[in-house]
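Dear colleague,

Please find below the structure that I am handing over to you. My notes on it follow directly after.

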Amino acid sequence: MSNAVVILQDDPARAQNLASQIRSVSDVVFIAQSLAELQTIASQFPIPIGVLDLGLVTLQEIVHLRLHLGMQIVCTHRTPDEVMWTEAMDAGALDCCFNDDGQAICRAIHRDARLCSQPR
């Protein structure tokens, strides 16, 4: 389960659609309905990556998840702009993508997996 991903999106149908796309780069995909549920899942299973909707989580929560759970984050939003992207990156996110851009989200996850597997 070393490449598990958890998804937290404001639209359950979008979350399901993203999950089906993310399965191309991850064997295990969880869908959380709330930040509390995401934290519960992450406390039970090692989940290195979260795909989180910035409409549901704050940048401070992203920093907390990164620091306390060791989770890398791909932020999503229905209309991300340069300011939002910069703020997400400053919070340590891997990327900030449109919430329906499964290809960009998968690229960010895949890019992180490659970086994690390279010898240091």
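In these notes, two residues are in contact when they have heavy atoms within 4.5 Å of each other. This is a predicted model, in which local features need pLDDT of at least 70 and side-chain atom pairs count only at pLDDT 80 or more, while totals for chains, interfaces and linings use all residues. Residues are numbered from 1 along each chain as its sequence is written, and side-chain values use heavy atoms, with hydrogens and water left out.

The sheet

Helices (H or I, at least four residues) and strands (E, at least two) are DSSP runs, numbered from the N terminus; two strands pair if DSSP finds at least two bridges between them. The model has an open sheet of 5 strands in the order 2-1-3-4-5, with parallel pairing. Strand 2 (29-32) and strand 5 (95-98) are the edge strands, each pairing on one side only.

Strand 1 pairs with strand 2 in the parallel sense over 4 bridges, and Leu 8 stands opposite Ala 32 in strand 2. From strand 1 the chain crosses through helix 1 (residues 12-22) to strand 2, and this β-α-β crossover is right-handed (with the strands pointing away from the viewer, the path from the first strand over the helix to the second runs clockwise). Strand 1 is also joined to strand 3 by 4 bridges, with Val 6 opposite Gly 50. Strand 3 (residues 49-53) runs parallel to strand 4 (residues 72-77), and 5 bridges join them; here Ile 49 stands opposite Gln 72.

In a regular strand the side chains alternate between the two faces of the sheet. In strand 1, Val 5 and Ile 7 on one side and Val 6 and Leu 8 on the other are all buried, where buried means under 20% relative accessible area (1.4 Å probe, protein chains only).

The cores

A nonpolar core is a set of buried Ala, Val, Leu, Ile, Met, Phe, Trp, Tyr and Cys residues joined through side-chain atoms within 4.5 Å. The largest one has 23 residues, of which Leu 38 and Cys 75 touch the most other members. Helix 2 gives the most to this core, with 4 residues. Leaving aside neighbours within four places in sequence, Cys 75 is in contact with Leu 52, Leu 54, Ile 62, Ala 88, Ala 93, Asp 95, Cys 96 and Cys 97. A second, separate core of 17 residues includes Val 5, Leu 18, Val 51 and Cys 106.

Yours sincerely

Technical notes. Buried means under 20% relative accessible area, exposed over 50%, partly exposed in between (1.4 Å probe, protein chains only).
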